[in-house]
Every structure is written in structure tokens, then in C-alpha cells.
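Student: I have a model open and would like to go through its fold with you.

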Amino acid sequence: MNWQKEFAELDKTTHDRASFDCGEQELNTFLHTQAAKHMEAGVSTTMVLPASQLLPGGKYPICSFYSITPSSIQRETLPEGLAKKLPHYPVPVFLLARLAVHSEYHGRGLGKITLIRALKHLWKINAHLRGYAVIVDCLNDGAKDFYIKYGFKELCEYNGRVRMYLTMKTVAQLFNE
Ligand SMILES: CC(C)(COP(=O)(O)OP(=O)(O)OC[C@H]1O[C@@H](n2cnc3c(N)ncnc32)[C@H](O)[C@@H]1OP(=O)(O)O)[C@@H](O)C(=O)NCCC(=O)NCCS
């Protein structure tokens, strides 16, 4: 099965959440039971990439997804050279709260496509409402290596996870014409 061309906002009437399995229970549970509720509550946005073929029940399987939400960090967690240019109050950032690819599609470039789509989404938001960086809390070492590959740097430990960041200036370099 292949994936569609465009990402769409998660819609539980169209997208089959239950069949999504990325191999990480925490991320599966989030998509199965929490992502839509969080959207309804107005605390995060989840975008999905549907497969091109419908399931017998009339919904599309989900090939990958990402969730984003506003957040903030303390300037002291950043390297000194960056921190000294920032205010002493919490610094606004964008949290890439979740990103995962269905196991069936691992190793086919979809993680990269999904990450670039998430960064482009945040870059567009940043044109209207500024955030200093994109941050991500890595679930495991594999995730950390994945984000390092795309320029993310280690920021600090947060809730037992490695928190990484990529400045919006760097993100803008990817997309500015
Ligand atoms: C991590 C994940 C998103 C990668 O998705 P994927 O579709 O398999 O990745 P891609 O095929 O796009 O790979 C892109 C690049 O990242 C590398 N990569 C992928 N997974 C990696 C990992 N676990 N460790 C190190 N590098 C990795 C690939 O080798 C590839 O590099 P290349 O372009 O030089 O060949 C996917 O494995 C996943 O959903 N894992 C479970 C959920 C998870 O851990 N999410 C992160 C939460 S913080």
C-alpha cells in the first residue's frame, strides 16, 4: 500500500486510528485514544498522512503522523552563546510533541518526509507568531539519532528524556526562497 500526497488534520470519521502501529506503545496509544481529544480540547494539532487505499470499514489507514503544540523553555538550558541574546522570562518555542511512522513503512523515507512536513508547518506558523526553536523530547536512543541526523542538538534532560532543539533560524534556512 502507498501513502497519499498530502497530510491532513486527524479526523476520526475518516482516519483509522486503531490500526496504527509504530512499534512504540506510548505513541500508538496517543494516536488511538488521545490525539483527537487533545485537538478537540485545543491543546495540540495532529496531522496524519493517510494511505491511498480505503479499509473495508470505509476509513483510511494512517501511514505516519506528527503532533505540535506551543511550549516554552528557560534560556539557561540553551548554550551560553545563544542564551545571552534571549530574555530572562520563559522563551517561546514549538514542541514537536509526537512523530511516528507505521512499522510497515519504516525505512522508506517517510520519517524524513514527516519531519520535514512538521518543520514546514511550524515555519509557516512562525511567520505569524514567533517561536525561538523547535524542541523534541526523545523517546529512545534511536529517536535521538534520527533527530541528530537532521541537525537537532541536545538541550537538556526533561522528564527522563533527552530534549533536543533546532532553532527557527535554521528551520527558515530550509524553506526561505
Ligand atoms: C524514528 C522513525 C520516525 C523513523 O522513520 P523511518 O520512516 O523509518 O525513517 P526514514 O526511512 O525516513 O529514515 C530517514 C533517515 O533516518 C535514519 N534513521 C531512521 N530511523 C533511525 C533510527 N532509529 N536511528 C538512527 N537513524 C535512523 C535512516 O537511516 C535514514 O537515513 P539515510 O537517509 O541516511 O538513509 C520511525 O522508526 C518510528 O516511527 N519509530 C517509532 C516511533 C519513534 O521512536 N518516534 C520518535 C519519537 S521521539
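**Helix 3 and what surrounds it**

Tutor: Start with helix 3, residues 110–126, which has 17 residues and reaches 24 Å from its first C-alpha to its last, close to the 24 Å expected at 1.5 Å a residue. That expected span is 1.5 Å times one less than the number of residues. Helices (H or I, at least four residues) and strands (E, at least two) are DSSP runs, numbered from the N terminus. This is a predicted model: local features need pLDDT of at least 70, side-chain atom pairs count only at pLDDT 80 or more, and totals for chains, interfaces and linings use all residues. Residues are numbered from 1 along each chain as its sequence is written.

Student: Which residues of helix 3 are buried?

Tutor: A residue is buried if 20 or more other C-beta atoms lie within 10 Å of its own, exposed if 12 or fewer, and partly exposed in between, with C-beta atoms placed from the backbone. By that count, the buried residues in helix 3 are G111, T114, L115, A118, L119 and L122.

Student: Why are they on the same side of helix 3?

Tutor: The arc is that of the directions from the helix axis to the C-beta atoms. The buried residues are G111, T114, L115, A118, L119 and L122. They lie on the same side of helix 3 because they cover an arc of only 130° around the axis.

Student: Which residues have the most contacts inside the largest nonpolar core?

Tutor: A nonpolar core is a set of buried Ala, Val, Leu, Ile, Met, Phe, Trp, Tyr and Cys residues joined through C-beta atoms within 7 Å. The largest one has 48 residues. Its largest share, 9 residues, comes from strand 5. The residues with the most contacts inside this core are V93, L96, V134 and I135.

Student: Is V48 buried or exposed?

Tutor: V48 belongs to strand 3. Two residues are in contact if their C-beta atoms, placed from the backbone, lie within 7 Å. Leaving aside neighbours within four places in sequence, V48 is in contact with F7, A8, L10, H15, I62 and F65. Because 27 other C-beta atoms lie within 10 Å, V48 is buried.

Student: What radius of gyration does the protein chain have?

Tutor: The radius of gyration is taken over C-alpha atoms, and the globule rule is 2.2 Å times the number of residues to the power 0.38. For 177 residues, a compact globule would have a value near 16 Å, and the protein chain agrees with that, at 17 Å.
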